[in-house]
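Look at the structure below before reading the questions. Each answer can be checked against it.

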Amino acid sequence: MATEATVTAATRTDGAPVGQPTVTLRLWRGDESGGEFVDYTVENLGGEVVLDVVHRIQAEQAPDLAVRWNCKAGKCGSCSAEINGRPRLMCMTRMSTLEITTPITVSPLRANPIIRDLVTDVSFHFAVARKIPAFRPGPREADGTYRMAQVDVERVQEFRKCIECFLCQNVCHVIRDHEENKPAFAGPRFFARLAELEMHPLDTLDRRDLISRDLGVGLCNITKCCTEVCPEGIHITDNAIIPLKERVVDARYDPIAWLGRKIRRRPSPTPAPVAAALSPAGRSGEVISTELAPRSAP
């Protein structure tokens with residue numbers, strides 16, 4: 001008669017070899033002043049995601065471990081981390097997809113300032129969000145309704161799947177490797193938001209000059225790393241950033257478009273300061289600090 005231990009080893013669902021009863025996570029421990037990686041070894045139960053193992057370490061060995069999470073269903077974006085160097089959601093990364101015969105490294109998002117352990121400061125992203133003018137629809141139809149084609153609805157719907165995990169922001173080398181770019185670069189997440197607004201058939205505000213001058217779409221060099229790490233499968237580069245670049249070129253550099261506006265007496269693109277004044281930060285008169293918080297990289 002098989003023992004319980006034998007049955008467990010024979011029916012594991014995480015793909016671990018029978019001879020691998022434990023798993024080791026190498027977690028970053030520290031704060032903005034510095035820190036180090038610490039190894040924690042726990043029983044390999046099987047059928048777990050990385051966040052499950054982190055929770056067990058927190059409960060059994062390191063009660064002071066700081067980790068941010070909420071839904072554990074891949075919809076809140078809170079548990080973002082770098083797992084073996086790749087930005088991922090801990091709750092959506094199954095242990096069965098990782099090599100558990102060697103320590104699994106879990107570190108905080110490198111592009112954000114560290115608060116403590118695996119928790120980082122994401123306030124920069126919310127400051128950028130306040131720079132973006134909100135949706136401004138035109139007048140309603142005569143019957144009091146709005147109308148738009150279904151194809152236009154589907155075009156922007158993709159961008160609304162964003163869960164703001166900020167993995168795309170973290171992997172973008174314009175921010176990751178050059179913190180001095182942060183005050184003048186919105187990042188992939190917010191280019192997706194801007195594309196959603198610019199492509200909306202009912203929106204009337206022209207943000208192209210703002211996107212170019214204040215939010216730095218020209219700094220993106222189309223490496224598609226943001227698209228690769230998006231847990232929602234949003235094609236950020238192809239469907240958001242490249243179309244935004246095309247619209248900016250039409251507005252600022254295309255001589256034919258410029259001549260067409262002159263001949264047809266159409267207004268020039270809305271200047272960046274005018275559009276910025278309509279953003280939440282502009283309306284409140286708030287000055288968003290461009291001072292960079294200290295960061296201790298793992």
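**A helix and a strand**

The buried residues of α7 (buried: under 20% relative accessible area, 1.4 Å probe, protein chains only) are P188, R189, F190, F191, A192, L194, A195, E196, L197 and E198. Helices (H or I, at least four residues) and strands (E, at least two) are DSSP runs numbered from the N terminus. This is a predicted model, in which local features need pLDDT of at least 70 and side-chain atom pairs count only at pLDDT 80 or more, while totals for chains, interfaces and linings use all residues. Residues are numbered from 1 along each chain as its sequence is written, and side-chain values use heavy atoms, without hydrogens and water.

Q: How many of the eleven residues of α7 are buried?
A: The cover over the buried residues of α7 includes α3, α4, α5, α8, α9 and α10. α7 is largely enclosed by the rest of the structure, because the number of its residues that are buried is ten.

Q: At what angle do α7 and α10 pack?
A: Axes are lines fitted to C-alpha atoms, for helices over the stretch in contact, and angles run from 0 to 180 degrees between N-to-C directions. Helix α7 (residues 188-198) and helix α10 (residues 236-252) have axes 9 Å apart and pack at an angle of about 65 degrees.

Q: Which residue of β4 is the bridge partner of S80?
A: Strands β3 and β4 pair in the antiparallel sense over four bridges (pairing needs at least two DSSP bridges). S80 lies in β3 and is buried. Its bridge partner in β4 is L89.

Technical notes. Buried < 20%, exposed > 50% of the residue type's maximum accessible area, 1.4 Å probe, protein only. Contact = heavy atoms within 4.5 Å.
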